[in-house]
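Colleague: Before we start, could you show me the model? I would like to ask about the words you use for it.

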Amino acid sequence: MSTVLVTGAGRGLGLEFVRQYAADGWTVIATARDPARHAELQALVAAAAGRIRVHALDVADHAGIDALAALLAGEAIDVLLNNAGTMGAEGYAGSGMQAQRFGHSNYEDWLQTFAVNALAPMKMAEAFADHVAASQQKKIVALSSVVASIGSNNLGGLYAYRSSKAALNAILKSMALDLMRRGIIVTPLHPGWAATEIGGPNAPMRPQHSVAGLRHVIAGLTREKSGRFWQWDGKELPW
Ligand SMILES: NC(=O)c1ccc[n+]([C@@H]2O[C@H](COP(=O)([O-])OP(=O)(O)OC[C@H]3O[C@@H](n4cnc5c(N)ncnc54)[C@H](OP(=O)(O)O)[C@@H]3O)[C@@H](O)[C@H]2O)c1
């Protein structure tokens with residue numbers, strides 16, 4: 001049976017990944033900053049008869065990542081799913097395209113956004129590469145965003161979020177090349193515009209739909225698809 005580790009699993013797309021992978025019979029390692037705060041996650045755990053295990057993890061805490069990797073030493077992880085992400089203090093959901101506009105940068109918040117969106121998936125991969133290499137599927141994925149695409153940016157703004165996800169994409173491209181020799185597939189994924197806290201209530205897609213599509217894309221990842229940027233419906237996106 002396959003195993004997935006999901007970060008930011010308490011709500012939004014992360015919670016939906018836990019729900020769908022567990023329903024599909026996978027072993028799920030669900031991590032969240034404060035699992036006790038998330039009643040829906042706790043209910044899934046209670047109903048899953050041991051197939052969902054929960055660990056507290058703030059992905060900006062590198063010592064915490066190392067400690068979890070050590071705790072899980074020897075356990076194969078088929079899919080390392082870097083889902084946790086942030087828009088920072090001023091998100092799209094509240095401010096629309098007025099968010100993070102020129103002349104209004106909050107640099108402290110920008111650095112924290114970078115720590116969560118770009119550096120944390122790197123640290124997770126470095127800590128868990130052996131677990132992934134020991135698995136059958138050998139996949140490291142991260143939720144990026146179409147707004148990371150420099151080639152398709154024709155609206156401007158969203159400086160912190162865009163740049164953190166563009167950095168994530170650059171990191172994953174190098175990682176795909178570096179880990180190819182270990183047979184590990186690495187790729188960023190865009191979930192579409194989904195109704196979560198980050199997506200906001202006007203988003204046209206339900207998390208269930210986005211995650212079902214992403215799971216299909218993840219299941220179909222091959223070595224040839226590694227190091228490329230994929231959307232929830234299988235379409236390839238420009239960098
Ligand atoms: N929804 C969209 O339309 C959309 C579009 C493009 C990309 N994405 C990406 O999809 C991913 C999931 O976002 P979402 O839409 O599900 O938004 P969400 O509902 O706001 O969920 C964000 C998740 O990230 C977690 N998180 C934030 N900072 C963290 C940290 N330091 N350590 C651990 N977990 C942390 C949150 O945990 P807490 O509960 O502890 O805060 C929460 O579980 C993100 O990477 C996002 O950038 C979403």
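Modeller: What follows is a set of questions about those words, with the values behind each answer.

Modeller: This is a predicted model, where local features need pLDDT of at least 70, side-chain atom pairs count only at pLDDT 80 or more, and totals for chains, interfaces and linings use all residues. Residues are numbered from 1 along each chain as its sequence is written, and side-chain values use heavy atoms, with hydrogens and water left out.

Colleague: Why is tyrosine 21 called buried?

Modeller: Buried means under 20% relative accessible area, exposed means over 50%, and partly exposed is in between (1.4 Å probe, protein chains only). Tyrosine 21 has 2%, so it is buried. Tryptophan 26 has 11%, so it is buried too.

Colleague: What makes the pair of tyrosine 21 and tryptophan 26 tilted?

Modeller: Rings of Phe, Tyr and Trp (its six-membered ring) pair if their centres lie within 6.5 Å; planes under 30 degrees apart count as stacked, over 60 as edge-to-face and the rest as tilted. By this rule there are five aromatic pairs. Tyrosine 21 and tryptophan 26 have centres 4.4 Å apart and planes at 55°, which is tilted. Ring pairs also link Phe17, Tyr21 and Trp26 into a cluster.

Colleague: Which other aromatic pair is tilted?

Modeller: Phenylalanine 102 and tyrosine 159 form one, at 6.4 Å centre to centre and 55° between the planes. Phenylalanine 102 is in the loop between helix 4 (92-95) and helix 5 (107-133), and tyrosine 159 is in helix 6 (residues 159-179), so the pair ties together parts 57 residues apart in sequence. Helices here are DSSP runs of H or I, at least four residues, and strands are runs of E, at least two, numbered from the N terminus.

Colleague: What makes strand 2 mostly covered?

Modeller: Strand 2 covers residues 27-32, and six of its six residues are buried. Thr27, Ile29 and Thr31 point one way, while Val28, Ala30 and Ala32 point the other way. In a regular strand the side chains alternate between the two faces of the sheet.

Colleague: How do you know that strand 1 and strand 2 pair?

Modeller: Two strands pair if DSSP finds at least two bridges between them. Four bridges join strand 1 (residues 3-6) to strand 2, and the two run parallel. Leucine 5, for one, has isoleucine 29 as its bridge partner in strand 2.

Colleague: Which residues of helix 3 are buried?

Modeller: In helix 3 (residues 62-71), they are Gly64, Ile65, Leu68 and Ala69. They cover an arc of only 135° around the axis, so they lie on the same side of helix 3. The arc is that of the directions from the helix axis to the C-beta atoms. Ala63, Ala70 and Leu71 are exposed, on the face turned away from the buried side.
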